[in-house]
Amino acid sequence: MRVIGLAGWSGAGKTTLILKLIETFAGRGVSVSTMKHAHHAFDIDRPGKDSYRHRESGAREVLISSARRWAILHEIPEPEGEPHLADLLPRLSPVDLVIAEGFKAYPHPKIAVHREANGKPLILADAPNVRAVASDVPLPGLAVPVIHLDDAEAIADAAWEASLPLDETVAMLRAAPRPERLRTPHGLT
C-alpha cells in the first residue's frame with residue numbers, strides 16, 4: 001500500500017482531480033482508496049436515522065452495514081482532539097494506493113493543486129513535502145514539476161512516483177512534530 005496526498009485551497013479542483021485519478025489508476029489496474037479531511041464537524045448519517053440517534057445518545061462507535069457497503073462512525077471525545085493522520089492510515093483496508101485529500105500540514109508527499117481563477121496563492125508555504133503542482137496555468141521557476149491540471153495521466157505518473165509505502169509514510173508522520181493546527185481539540189488542517 002502506497003500513500004500520496006493532494007492539497008489545495010477550496011475551489012482549486014481537488015475533488016475533480018481525485019475523480020480523474022481514481023479512473024486513471026483503475027484503468028491501470030491499480031486499486032485506490034481515498035481519505036478526505038473535513039474542516040468542520042460532519043455527518044454521513046442524517047438526523048432521525050437510527051445511526052444518528054445512536055451517536056446522539058452517546059455511542060462511541062456506530063457501524064452501519066448493508067449488502068453493498070459498511071461504515072464505522074467514531075465519535076471523538078472533546079479533550080482528545082483530531083486524530084493524527086498516522087493513526088488513520090493503518091485503519092484502511094489494503095489497496096495499491098491511498099490518496100489523502102487535505103491534511104496539508106502533514107509532511108507526507110503530496111501534489112499541490114492550483115487554479116488561477118480561484119484567486120488564492122500557491123499552497124506551497126502551507127504544505128510541506130510538495131513533490132509536484134497540478135495547475136491550470138504555467139508556474140515558471142518552481143523547484144518541483146508543474147503539470148497541467150487536465151493531464152490526469154501525467155499527474156497519476158507523478159503521484160505514483162512520489163508516493164511512499166504505508167510503513168514509510170506512517171514512520172515519517174510519527175517522526176515529525178504534530179502539525180500546529182492539530183494541537184488543540186478544534187485545530188484543523
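This is a predicted model: local features need pLDDT of at least 70, side-chain atom pairs count only at pLDDT 80 or more; totals for chains, interfaces and linings use all residues.

Biologist: Where do F25 and W160 lie?

Modeller: F25 is in helix α1 (residues 14-27) and W160 is in helix α4 (residues 152-162), so the pair ties together parts that are 135 residues apart in sequence.

Biologist: Is F25 buried or exposed? And what about W160?

Modeller: F25 is buried, with a relative accessible area of 1%. W160 is partly exposed, at 34%.

Biologist: And what does the pair of F103 and Y106 look like?

Modeller: That pair is tilted too, with 6.1 Å centre to centre and 55° between the planes. Both F103 and Y106 are buried.

Biologist: Back to W160: which residue has its charged end over that ring?

Modeller: That's R2, whose charged end sits 5.4 Å from the centre of the W160 ring.

Biologist: OK, and what sits over the ring of W9?

Modeller: The charged end of K120, 6.0 Å from the ring centre.

Biologist: Changing topic: which residues form the nonpolar patch on the surface?

Modeller: L63, W70 and I72, with about 350 Å² of accessible area together. I72 belongs to strand β4 (residues 70-74). With 42% relative accessibility, I72 counts as partly exposed.

Terms used:
Residues are numbered from 1 along each chain as its sequence is written. Side-chain values use heavy atoms; hydrogens and water are left out. Helices (H or I, at least four residues) and strands (E, at least two) are DSSP runs, numbered from the N terminus. Buried means under 20% relative accessible area, exposed over 50%, partly exposed in between (1.4 Å probe, protein chains only). Rings of Phe, Tyr and Trp (its six-membered ring) pair if their centres lie within 6.5 Å; planes under 30 degrees apart count as stacked, over 60 as edge-to-face and the rest as tilted. A charge sits over a ring if NZ of Lys or CZ of Arg is within 6 Å of the ring centre and within 35 degrees of the ring normal. Patches are made of residues with over 30% relative accessible area and no salt bridge: like charges are joined within 9 Å, nonpolar side chains (Val, Leu, Ile, Met, Phe, Trp, Tyr) within 5 Å. Accessible areas come from the Shrake-Rupley method with a 1.4 Å probe; for residues, only the protein chains shown count as cover. A salt bridge is a side-chain nitrogen of Lys or Arg within 4 Å of a carboxyl oxygen of Asp or Glu.
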